[in-house]
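Dear colleague,

Please find below the sequence and the structure that I am handing over to you. My notes on it follow directly after.

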Amino acid sequence: MKIVSCDTIAAISTVIGEGGIGIVRISGPESFKIAEKIFRPKTKKKFNELKNRTLYLGNIVDSKNDIIDEVLLAIFKAPYTYTREDMVEINCHGGLTAQKRILGLVLDQGARMAEPGEFTKRAFLNGRIDLSQAEAVIDIIRAKTDKALSVANRQLTGSLSKKIKEIRSDLLNILAHIAANIDFPEEDIPEADSEFILKEITVAGERVKELLKGAGSGRILREGLSTLILGNTNVGKSSLLNALVKEERAIVTDIPGTTRDIIEEYIDIKGIPIKIIDTAGIRQTSDKVEKIGIERAMKHLKEAELVLLMIDISRKLTRDDKNLIELIRDKTAITVINKVDLPVEVNEDEIEQLVPTERIIRISALKHEGIEELKEAIFDTVTEKMGFSDEGLIAAGERQRKVLQEAHDFLDMAIDAMDIHMPIEMVELDIRDAWEKLGEITGDTVSEDIITTIFQKFCIGK
Ligand SMILES: Nc1nc2c(ncn2[C@@H]2O[C@H](COP(=O)(O)OP(=O)(O)OP(=O)(O)O)[C@@H](O)[C@H]2O)c(=O)[nH]1
Ligand SMILES: [Mg+2]
């Protein structure tokens, strides 16, 4: 593939703030020229004598030759670099001022400030990686658990691309078979051909379906399963959040209506990231702020994938509790009976009859009892009810999932068209559409707009 970029870009690639070291990265045809102007190596070598991929100690100086920082600099010669272009990396001290001054000097020498993800975008445009691998880079950066990291790493090596390429090549074979063996003007396709085509489309459809399944689990892995703690005021929701994250994250008091805003924290249950959402207790109230908090809780309830319905064992069931039970009828939920360290005031049989959930877990958020059982129940629910599985896991994002779904729909249409003996041209069209769609995952048939949107999600300097 040709090298498409022509200007030179630069950015601070490390986290902006104070740190041990900071890295300013430059990529593009002018990289070496720019670095030569501002770098004074301690070695007696001239800049063009510096070896590829070797760290050199030296100073970065400004136009008056004043030292800005002592750094380690490395040059990377195209094409074996992250972007496939000439690159320079300057390892400076990790202070904000030093990094900004160095970046400023680089820009003064003619580089342009890189857009988010532009280094990776160039790696894609220059053909070093395909689109699904580029998206894996961002998954690696954002991975919330070890499992998420390992799946993203697998994708970076091209595991998803490989599967997509295989399916696309199978689809091309079907198209070739149609072109070679079927005479279009003739109305009837020979039985053997028809059987062959139908079988091949079905197999391809099943393979896409497999990937879709893996993508569903991949989505949980990448974003975390949104899990909302729902309950009346004072039942111990914030105490449960704190017990799950093992720190005093949310304010806990004995005053009903303590939590007003939404508090979110991630926990890791056997490698699955779970986003725990603590909310305002639901009750009738005239307090303006609390009311807003309750509205927010209700909004999040709609979007939550899993609900932990909390009931306080130390007080009688109220109308509010019963209303909440009604609210979660259509949700995947676990009932959590809290404060089991206190004297029992509710009839547990009644709760069992009322709640629609399969699992009821007894805990004491205060004493950290039953928390492991609850985690176990969450894990079981995710694997059993939500079909989360380690098998065939792919770190597909929403975009990739949608593409797979659409490709699957096209193949379904092709099968239907075969079933009702539509003209073979129609079948051919559907197969072609599926083939094109799948190309959007690897980036073979993707539009400029989609590429732009994907890389906008990256951080600057990656
Ligand atoms: N004995 C006992 N007290 C608990 C337990 N869990 C929570 N509490 C107490 O119950 C009170 C309310 O706890 P919170 O965690 O603030 O309850 P909440 O549901 O978040 O309340 P709001 O935010 O007001 O809706 C506090 O005094 C907690 O210490 C428990 O398991 N046992
Ligand atoms: Mg609270």
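The notes below cover confidence, salt bridges, backbone features and the surface.

This is a predicted model, in which local features need pLDDT of at least 70 and side-chain atom pairs count only at pLDDT 80 or more, while totals for chains, interfaces and linings use all residues. Residues are numbered from 1 along each chain as its sequence is written, chains are lettered from A and ligands numbered from 1 in the order in which they are written, and side-chain values use heavy atoms, with hydrogens and water left out.

Confidence

The mean pLDDT (the predictor's confidence in each residue, from 0 to 100) is 91 for the protein, and 97% of its residues reach 70 or more.

Salt bridges

The whole structure contains 34 salt bridges, each defined as a side-chain nitrogen of Lys or Arg within 4 Å of a carboxyl oxygen of Asp or Glu. Glu 135 pairs in this way with Arg 399, with 3.0 Å between the closest N and O atoms. This pair links distant parts of the chain, since Glu 135 belongs to helix 4 (residues 131-142) and Arg 399 to helix 13 (residues 398-419), 264 residues apart. Glu 135 counts as buried because its relative accessibility is 9%, and Arg 399 is buried at 17%; buried means under 20% relative accessible area, exposed over 50%, and partly exposed in between (1.4 Å probe, protein chains only).

A second bridge joins the side chains of Glu 350 and Lys 322 at 3.9 Å, N to O. It also links distant parts of the chain, from helix 11 (residues 348-354) for Glu 350 to helix 10 (residues 319-327) for Lys 322, 28 residues apart. Glu 350 is partly exposed at 31%, and Lys 322 is partly exposed at 36%.

Arg 112 and Glu 118 meet in a salt bridge of 2.6 Å, N to O. Arg 112 is partly exposed at 28%, whereas Glu 118 is buried at 7%. Both belong to a network of salt bridges that links Asp 7, Glu 85, Arg 112, Glu 115, Glu 118 and Arg 122.

Backbone features

The loop between strand 5 (67-76) and strand 6 (87-94) holds Pro 79, and the peptide bond from Ala 78 to Pro 79 is cis, with omega near 5 degrees. Arg 84 lies in the loop between strand 5 and strand 6 and has a positive phi, near 75 degrees, although it is a residue other than glycine. His 421, in the loop between helix 13 and helix 14, is not a glycine either and has a positive phi of about 55 degrees; its relative accessibility of 70% makes it exposed.

Helix 14 (residues 424-442) has 19 residues and reaches 28 Å from its first C-alpha to its last, close to the 27 Å expected, where the expected span is 1.5 Å times one less than the number of residues. Gly 443 follows helix 14 with a positive phi, near 95 degrees.

A buried lysine

Lys 375 lies in helix 12 (residues 371-384) and counts as buried at 12% relative accessibility. Apart from neighbours within four places in sequence, Lys 375 is in contact (heavy atoms within 4.5 Å) with Leu 244, Lys 246 and Ile 269.

With kind regards

Note on methods
Helices (H or I, at least four residues) and strands (E, at least two) are DSSP runs, numbered from the N terminus.
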